[in-house]
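This briefing is for a reader meeting the structure for the first time.

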Amino acid sequence: MSNTIIQVKNLVKTYGTFEAVKGISFDVNEGEIFGLLGPNGAGKSTTLEIIETLRDKTSGEVIVNGFNLDDNPNEIKKIIGVQLQASGFYPGLNLVELINLFAGLYNEETDPIELLGKVNLVDKAKSKFKELSGGQKQRFSIATTLINKPKVIFLDEPTTGLDPQARRNLWDLILDIRKQGTTVIITTHYMDEAEVLCDRVAIIDNGKIIAINSPSQLIDDLVESGFERPIQVKKANLEDVFINLTGFTIRED
Ligand code: ADP
Ligand code: MG
């Protein structure tokens, strides 16, 4: 049996009179990539930010690596990695300087070049964050989540707005991070991405979890229920055409 690293029980979040998260419960296993899927406004970011200790909950229980959010938020902070919004990066500093700044805040010894190597950005060590392409910015912000050697990282729509090559490149990076033993919680609107990356997904709608399982099992359950695709699907799709024509090589210069 796998160990549970995150337990969420009956989590509720209200904003004024509006209940954004309506008593959801789920567990995340150590070492898995766990996806939170759902339409805009479903409550995904709210849920993540509560677990990340960045937002207060209304009620319910959250336990991360044995620490209860109510009693030990600082212990939780020490073992998680959270992606900053782009606006969190000082525009005048280069990537090495930014990593050194964050390492100082975390009180961690870090080799900036080694860390940039993990996300394939050694060439950009002396560039400023604002000079990076969209995919490079995402890779850099994922690198900053790794500085404190976290047990769990949280990625909220890390591939939104990226081209197909950069998206695939980020999938490899996320799979690599998981391979090192880090648990990953990710949100995405791309179902192909969730299918490739996630060991399990929770589908959340209007603040409630309406399904939770492995992508493969959810698909099997739908087929079992008698669902059929309305038309015969071609053996390739337009994304296959695009990748076939333009190649896997990442373009960011
Ligand atoms: P998701 O990430 O799934 O798109 P969010 O968690 O961001 O959803 O938002 C869930 C709901 O809560 C939305 O209806 C959103 O408008 C609302 N909401 C989010 N943050 C706030 C806030 N600070 N104040 C009021 N309502 C909020
Ligand atoms: Mg969101």
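**Briefing**

Thr187 sits in strand β8, which covers residues 183-187. The model is a predicted one.

**Thr187**
- Thr187 has a relative accessibility of 0%, so it counts as buried, the cut-off being under 20%.
- The side chain of Thr187 is in polar contact with the side chain of Asp156, at 2.6 Å.

**Ligand 1**
- The residues around ligand 1 are Tyr15, Phe18, Ala20, Pro39, Asn40, Gly41, Ala42, Gly43, Lys44, Ser45, Thr46 and Arg55.
- Sorted by class, this shell holds five nonpolar, five polar and two charged residues.
- One oxygen atom of ligand 1 lies 2.7 Å from a backbone N or O atom of Gly41.
- A polar backbone atom of Gly43 is 2.9 Å from an oxygen atom of ligand 1.
- In the case of Lys44, the side chain has an N or O atom 2.8 Å from an oxygen atom of ligand 1.
- On its own, ligand 1 has 560 Å² of accessible area, and the protein covers 61% of that.

**Helix α1**
- Six of the eight residues of α1 are buried, so the helix is largely enclosed by the rest of the structure.
- The buried residues in α1 are Lys44, Thr46, Thr47, Leu48, Ile50 and Ile51.
- Two of these, Lys44 and Thr46, also belong to the surroundings of ligand 1.
- After α1 comes Thr53, which has a positive phi, near 70°.

**Second largest pocket**
- The volume of the second largest pocket is about 340 Å³.
- There are 15 residues lining this pocket, and the closest to its centre are Glu114, Leu115, Lys118, Leu146 and Lys149.
- Both α4 (112-118) and α6 (164-179) supply at least two residues of the lining of the second largest pocket.
- By class, the lining of this pocket has six nonpolar, three polar and six charged residues.

How values were computed
Residues are numbered from 1 along each chain as its sequence is written. Chains are lettered from A and ligands numbered from 1 in the order in which they are written. This is a predicted model: local features need pLDDT of at least 70, side-chain atom pairs count only at pLDDT 80 or more; totals for chains, interfaces and linings use all residues. Side-chain values use heavy atoms; hydrogens and water are left out. A residue is near a molecule or strand if one of its heavy atoms lies within 4 Å of it. A polar contact is a pair of N or O atoms within 3.5 Å; within protein, one must be able to donate a hydrogen and the other to accept it, and residues adjacent in sequence count only if both atoms are side-chain atoms. Accessible areas come from the Shrake-Rupley method with a 1.4 Å probe; for residues, only the protein chains shown count as cover. Ala, Val, Leu, Ile, Met, Phe, Trp, Tyr, Cys and Pro count as nonpolar, Asp, Glu, Lys and Arg as charged, and the others, Gly among them, as polar. Buried means under 20% relative accessible area, exposed over 50%, partly exposed in between (1.4 Å probe, protein chains only). Helices (H or I, at least four residues) and strands (E, at least two) are DSSP runs, numbered from the N terminus. On a 1 Å grid over the protein atoms alone, a cavity is a set of points where a 1.4 Å probe fits but cannot get out, and a pocket is an open set with protein on both sides within 12 Å along at least five of seven lines; lining residues have an atom within 4 Å of a point. Grid points are joined across faces, edges and corners, and a volume is the space filled by probe spheres set on the points.
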